Amino acid sequence: MTSPEDTDTDADDNNEGAPMAVIYVYGIVPADVQPEADATGIHEAPIEIVTHGDIAALVSEIDPDQRLGTPADLQAHARILDGTSHVAPVLPLRFGAVVSDRDAVVNELLAEHEDEFASALEELEGFAQYLVRGRYVEEAIIREIVDESPEASSLLEAIRDQPEEVSRDDRMALGEMIGHALEAKRETDTGTTLDVLAPLTDTVTVREPTHDEDAVQIAVLLEVDRQGELEQTVGDLAARWDDRVTMRLVGPMAPYDFVVAPKPED
Amino acid sequence: MTTAGGPSSSSLADVIDTILDKGLVIDAYVRVSLVGIELLTIDARIVVASVDTYLRFAEAANRLAIGSEPKGLSDLVSDVKGSGSTKSKTKGVLEGVGETLGELLGGSGSEREPAPRRRHK
């Protein structure tokens with residue numbers, strides 16, 4: 001165990017003028033988690049663990065002058081945390097958490113919040129997050145909406161084969177009608193999904209849509225060993241909605257939607 | 001229907017929706033030693049209802065076959081959105097698990113395993 005010092009004497013970092021590495025923090029885990037020897041995170045830096053008592057942080061070194069946020073950076077962050085969620089409880093930090101050194105990780109992050117992190121990790125033991133996502137099949141859902149609405153049908157008749165300049169108002173009206181109908185369908189279908197998931201868990205979070213044609217976005221906290229039941233449940237719903245909604249089940253992942261930051265101190 | 005495979009790994013879109021505005025915020029816990037690092041990332045939220053969206057919906061409706069002719073328009077529709085709208089209706093649920101997690105092992109060909117491993121107690 002090295003005790004970090006101010007001096008720049010690390011064997012592989014004694015380049016005069018080279019930027020001092022700072023520490024990127026991925027998340028908090030129990031102290032008995034060990035990174036794979038060759039696991040790498042953002043910018044291919046080796047994943048390290050910084051422990052304090054029973055808890056620890058997953059970290060890696062990072063060059064403070066390099067900007068963060070490429071797709072590879074984002075995926076590295078998620079990969080480390082989601083990979084961990086298979087085997088251990090993990091409290092994920094939001095992307096972009098950087099502190100000056102390992103001492104800060106111990107003294108400010110871990111030691112200061114030891115009890116709350118330890119008890120949160122204990123509660124999460126055996127659980128991981130899954131994401132149930134459904135996206136409408138555009139043609140099918142628009143047909144469904146037009147078929148269900150006489151007004152939409154007649155607007156569609158009005159714009160049919162008309163040049164866009166002539167029918168712009170009708171197009172806007174039809175499109176707006178479809179937009180509202182989609183919202184209503186999203187609400188109904190989210191409700192249906194929640195009903196279907198209810199026997200498995202009531203720890204769910206409904207996410208806001210991030211795409212026009214999102215049907216369902218629900219994060220679920222579930223025991224990892226009940227993943228099979230969840231797959232079955234979502235698979236049944238996918239079969240039922242075969243032609244109108246493309247369902248996906250993503251996970252296990254770190255419980256991003258179920259960790260809550262404390263209110264800033266006054 | 002097959003049940004092999006299990007859930008899929010996160011796509012980039014999943015990751016963006018997840019890690020940019022969810023999870024613990026470091027500045028709620030660490031104050032003194034925070035390093036402000038420049039993020040390229042912008043807010044990924046979209047405006048769900050807009051004029052463009054409405055016109056797009058109307059155009060999609062306009063492309064529907066007249067009457068109740070079932071399906072059969074997939075090729076017409078699929079080139080509009082580029083990705084996703086009509087392809088592989090049920091495939092997603094059954095994608096293989098852990099595709100990207102395997103990369104953690106540095107492509108050495110060893111079996112897939114997530115990065116950190118739990119020491120047995």
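Student: In which strand of chain A is confidence lowest, and in which is it highest?
Tutor: This is a predicted model, in which local features need pLDDT of at least 70, side-chain atom pairs count only at pLDDT 80 or more, and totals for chains, interfaces and linings use all residues. Residues are numbered from 1 along each chain as its sequence is written, while chains are lettered from A and ligands numbered from 1 in the order in which they are written. With pLDDT being the predictor's confidence in each residue, from 0 to 100, and strands being DSSP runs (E, at least two residues) numbered from the N terminus, the lowest mean, 89, belongs to strand E2 (residues 33-35) of chain A, and the highest, 97, to strand E5 (residues 91-92) of chain A.

Student: Over which residues of chain A is the pLDDT below 50?
Tutor: Chain A averages a pLDDT of 89, and 91% of its residues score at least 70. The stretch below 50 has nine contacts in the model beyond near neighbours in sequence, a contact being two residues whose C-beta atoms, placed from the backbone, lie within 7 Å. That stretch is residues 1-16 of chain A.

Student: Which residues of chain A does B:Ala61 touch?
Tutor: B:Ala61 is among the residues with the most contacts inside the largest nonpolar core, which has 92 residues. Such a core is a set of buried Ala, Val, Leu, Ile, Met, Phe, Trp, Tyr and Cys residues joined through C-beta atoms within 7 Å, buried meaning that 20 or more other C-beta atoms lie within 10 Å of a residue's own. Leaving aside residues up to four places away in sequence, B:Ala61 touches A:Ile142, A:Val146, A:Leu156, A:Leu174 and A:Ile178.

How values were computed
Helix = DSSP H or I, 4+ residues; strand = E, 2+ residues; numbered from the N terminus. Buried ≥ 20, exposed ≤ 12 C-beta atoms within 10 Å, placed from the backbone.
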